[in-house]
Structure formats: structure tokens, C-alpha cells
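Here is a short briefing for a first look. Please keep the view open while reading.

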Amino acid sequence: MRRPTAPLPVLALALALTGCGAKVSGDGSDDANHASGRHTAGAAGRYPVTVENCGTRTTYDKAPRRVVTNDVGITEIMFALGLEDRMAGYAMPDDKGDLDGLPWKAAYDKVPRLSTKPLTKEMVLGTRADLVFAGWNYGFGEDTGLTPEALGKLGIGSYVLTESCHHGTDGSDGSDGSARGVMPPLKALYTDLTTLGKIFGVEDRASALVKKYKKQVADAADRAPAAAGRPSVFLYDDGRDKPLTSGRYAGPHDIITKAGGENVMKDLKDSWTTVGWETVVARNPDVIVINNYGGTSAAQKKAFLESYAPLAGVPAVKHHRIYVMDYAELVESPRNPAAVGDLARYLRGVRAGG
């Protein structure tokens, strides 16, 4: 669900926005977005506001009132900001863990769950949405026809998850334009909280959250292993022939780094992407972190890793250092800061190269 997709042009979307409550000025980015809606209660004086999202500047004349989100991390960003009253629904697979113990349980109970399958245009239209908050391969995708461009033609705005922004779209960096990520993962989270705070007139709440999360991360980093003893970590999402993992722009990179580890795939200028097993073996990770979600259970993933012959000599497998984390902790979400602390506690007991 996170595999890269081809970029989209901005111009067609910008032309489609005339008269729909927002003004978009692109800089050549593929992640065009816009929005329309009504004023946030008691905050009419805040508008218009102009924000930048994935390289595209958008002016909001009013705050959206009927937002639809895709997937758990994106939905919980809205909940963390206290914006459940501004939501018309969310789509989320049923493999994303137990929601009962979360601080956002009441919000989950209040906002309609539209589907356990990814969003579709028909689903969005059925809610009378004025804004869709999703990401490339977190709901948006050319293969499904649900794109900011397509929504713009219907008069519906889009906000793109910053973790999923495309980069290198002009080929100047030698890429094919499908790679994602434009900033460090935790900065992407803070950026989205801050930007959405402006869009919805809840800047104080957004600022307080960012301050809280930065402190959580700093406290965990203070207790992380010393630089000389940092264990190397490989993030295993799924895949048998080729593993899906995290480059420097997906959530696990910052979670691993701030927790005192070294992401063995930190040189990959992408978010979620595939590599070859020979690369994993060559980089010899001390720890493997499993992303727990999907049709393949964490136990099944662990059994595969432990039985896959090429990995037998890798320290993580040899010494049974395979750590499981929840999907919602590893994609961009309000759970990222606490996840840093959880992983840091585990890594403190691991000696690099041992």
C-alpha cells in the first residue's frame, strides 16, 4: 500500500480550483492540494490563511468542515488536534490493532468508519466531503483514480501527508520521480500538525502537541545508547522475495535513530521502498524491527526471518533480536514519539556488533 506512484501535474488542478474556496500556486510539485469549507467557529478573523503542503502553496478562505481521512496515522493526527467534529468519516483496514486503549477512543467512536478498504471517489462523494487528508499510497494513488487532481475536478480539496510527498519529479536527481519524502520523518509529523493547526484555526493546540512530542523524543534520546555502541537496525515491513523497508524519509528512520540505533538503510533517499536480501545480509543488522500489520502476522514474519537461510549468520537472527512494533507507531502519526521511547528501552540492552 506504500509502493511509489508516478507524479501528477499541478496545472490542471490549479485551474480546477477557480471559485471553490481556495487558491493554489504550484512550484512544479506533483502533490497539488486545495481546500474549501466554512469558517472554524469563533475563528473567522483567522482567514484567509496560506500554507505550503508538499511544495504547493494553498490559500484557505474558510476552514473545512467535512474532512475524510485514510488510514490510522492520518486519522489520529486529526484526533490529536481535537478535530473530530470537522470529520465526515475515515477509512481504515481492520488489521491496524486494538483501538480501545487509545487516548482517541472517544473520537473513533464518534466519527463514522466508512470502510475497511481504501478510500474511493464514490466513498468521498457520499460523505459530501470538502477535504480529503491522505497520502501517496496512503489513500491517494493513480491506480485507484483517487488523486488530488481528480478530487479538484469535483470541487473537493486535498491535503497530502508530508511523509508521502514525492521528490525528484523533474529527474534532476537521477530518480524516476516516484521516490517519496522531502524532510526527516519527525519533522514531517511536526510540519503537518503545525500546518493543519493553521488551516483549522487550532494553532495553540498544534504548538502544544509539537512541544510535548519533541520533549518525549528528547527524553528518550538522552537515555539512548552511546554513539560508539549504537546497534544497527533493519526495519522489516513484509515481503519474501524482496523486503519492504524504510529509507531515511519514512517514520522508522527517525524512530530508530532517536532511540539510539542506526538504520542500516539510512542511505536510501526514499520513504517505504524495497531492497534485496543480499543488501540486508551485507549490512549485518544487530536488530530487526518487524512492522506488525497486514495479512501476515508478526509471528509469521518472525518465523520466516528465523528460517530464511541467507539471514542465519546475521546477528539479529543469530541472537534472536527481533523486536515487534505496531504499524501505527511506524507510519507518520502521533504515536511516533512514544515509539521512540519504547524502542530506546529495548536497544539499551543490545551491544553493537555483539
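Which residue in β5 is the bridge partner of V68? The partner is G89. This is a predicted model, where local features need pLDDT of at least 70, side-chain atom pairs count only at pLDDT 80 or more, and totals for chains, interfaces and linings use all residues. Residues are numbered from 1 along each chain as its sequence is written, and side-chain values use heavy atoms, without hydrogens and water.

**Strands**
- Strand β4 (residues 67–70) pairs with β5 in the parallel sense, over 4 bridges.
- From β4 the chain runs through helix α2 (residues 72–80) to β5, a right-handed β-α-β crossover.
- β5 also pairs with strand β6 (residues 113–115), in the parallel sense over 2 bridges.
- Opposite A91 stands S115 in β6.
- Helices (H or I, at least four residues) and strands (E, at least two) are DSSP runs, numbered from the N terminus.
- Strands pair if DSSP finds at least two bridges between them.
- A crossover is right-handed if, with the strands pointing away from the viewer, the path from the first strand over the helix to the second runs clockwise.

**Burial and core**
- Strand β5 (residues 87–91) is largely enclosed by the rest of the structure, because 5 of its 5 residues are buried.
- Buried means under 20% relative accessible area (1.4 Å probe, protein chains only).
- The largest nonpolar core has 64 residues, and Y108, F133, F200 and L343 touch the most other members.
- Helix α6 (residues 185–200) gives this core its largest share, 7 residues.
- Such a core is a set of buried Ala, Val, Leu, Ile, Met, Phe, Trp, Tyr and Cys residues joined through side-chain atoms within 4.5 Å.

Terms used: Buried means under 20% relative accessible area, exposed over 50%, partly exposed in between (1.4 Å probe, protein chains only).
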